[in-house]
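Welcome! Please take a moment to look over the sequence and turn the model around before reading on.

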Amino acid sequence: MIDKLYQDLNLVQFYDYDNPWSESYDVISNFVKIDDSVLDIGCGTGTLASELIHRCKEIYALDISVEMLTRAKEKTSNVNWIHASASSFSFNKKFDFIFLSGHSFQTLLTENDRLKLLKNIENHLKDDGTFVFDSRNPLVQEWTTWGEKESIRYFKHPNYGIIKAWNDWEGKDEIYSLLDQAELSVKHLYGDWQLNPYTDKSNEMIFVGSKRIISLK
């Protein structure tokens with residue numbers, strides 16, 4: 001099930017105001033090289049992809065929401081915008097860099113879909129390629145403060161003035177075993193977007209890794 005925020009054109013217009021350029025985008029941008037083919041999974045309204053296209057050879061950016069992609073296409077025509085599910089997409093090409101940002105991984109609510117996504121990353125990643133994605137740390141249970149009262153915030157929309165927003169929350173399963181099943185290796189696990197080492201008290205789990213290459217002797 002897709003959140004109504006991502007399905008309703010009347011609501012999608014608010015997404016960029018509630019999700020401006022973030023610190024995570026700066027970090028992800030630093031992974032991208034000028035000759036890279038890049039895949040952005042769960043691109044939303046395309047804020048990051050539309051900037052990264054100036055830093056690399058090509059970008060494929062996919063999202064399950066037609067409405068979000070409609071907004072993304074208004075930003076640039078230089079990105080290959082793809083309407084597809086993160087757990088079932090298929091391209092006849094491999095990428096140097098694959099990423100999910102904004103906790104897109106956690107929009108997949110079943111273990112089967114999350115495993116399909118990770119296997120898709122493995123299938124589409126070059127042998128020397130890199131993947132990055134983030135997930136909130138279940139040990140910290142930060143989402144318990146995401147009720148309406150705790151997460152209320154306000155932002156300004158040019159047509160509608162001051163807008164009030166808040167979050168709901170839902171716990172997520174551990175993902176290490178899924179990475180192993182998908183034959184992906186984690187090279188670094190960070191606890192925040194300053195790339196500090198992960199601890200049990202870190203709010204984030206930021207995975208940076210590659211395919212699990214088996215050497216034949």
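This is a predicted model: local features need pLDDT of at least 70, side-chain atom pairs count only at pLDDT 80 or more; totals for chains, interfaces and linings use all residues.

Which residue forms a salt bridge with Arg71? The partner is Glu74, and the closest N and O atoms of the two are 3.0 Å apart. A salt bridge here is a side-chain nitrogen of Lys or Arg within 4 Å of a carboxyl oxygen of Asp or Glu. Glu74 is exposed, with a relative accessible area of 58%, and Arg71 is partly exposed at 29%.

Residues are numbered from 1 along each chain as its sequence is written, and side-chain values use heavy atoms, with hydrogens and water left out. The pLDDT is the predictor's confidence in each residue, from 0 to 100. Its mean over the chain is 82, and 73% of the residues reach 70 or more. Over residues 1-5 the pLDDT stays under 50, and the model has six contacts beyond four places in sequence for them. Residues 167-171 also have a pLDDT below 50, and this stretch has 12 contacts beyond near neighbours in sequence. A contact means heavy atoms within 4.5 Å.

Back to the charged side chains. A search of the whole structure finds six salt bridges. One of them joins Lys126 and Asp96, at 3.2 Å from N to O. This pair links distant parts of the chain, with Lys126 in strand β5 and Asp96 in strand β4, 30 residues apart. Helices (H or I, at least four residues) and strands (E, at least two) are DSSP runs, numbered from the N terminus. Lys126 is partly exposed at 28% relative accessibility, whereas Asp96 is buried at 16%.

Together with Asp127, the residues Glu122 and Lys211 are linked in a network of salt bridges. The side chain of Lys211 also has polar contacts, which are pairs of N or O atoms within 3.5 Å; within protein, one atom must be able to donate a hydrogen and the other to accept it, and residues adjacent in sequence count only if both atoms are side-chain atoms.

Asp134 lies in strand β5 (residues 125-136). Asp134 is buried yet has no salt bridge, and the nearest side chain of opposite charge, Arg136, is 7.6 Å away. For charge, Lys and Arg count as positive and Asp and Glu as negative, while His and the chain ends are not counted. The side chain of Asp134 does reach the backbone nitrogen of His103, at 3.0 Å. Beyond four places in sequence, Asp134 touches residues including Ser101, Phe105, Trp193 and Met205.

A pair of aromatic rings is described by the distance of the centres and the angle of the planes. Rings of Phe, Tyr and Trp (its six-membered ring) pair if their centres lie within 6.5 Å; planes under 30 degrees apart count as stacked, over 60 as edge-to-face and the rest as tilted. By this rule the count comes to 10 aromatic pairs. Phe91 and Phe95 are an edge-to-face pair, 6.2 Å centre to centre with 75° between the planes, and both residues are buried. The rings of Phe105 and Phe133 are stacked because their centres are 4.9 Å apart and their planes lie at 25°. That pair links distant parts of the chain, with Phe105 in the loop between β4 (95-99) and α6 (111-124) and Phe133 in strand β5, 28 residues apart. Phe105 is buried at 2% relative accessible area, and Phe133 is buried at 0%. Ring pairs join Phe105 and Phe133 with Phe131, Tyr176 and Phe207 in a cluster.

Note on methods:
Buried means under 20% relative accessible area, exposed over 50%, partly exposed in between (1.4 Å probe, protein chains only).
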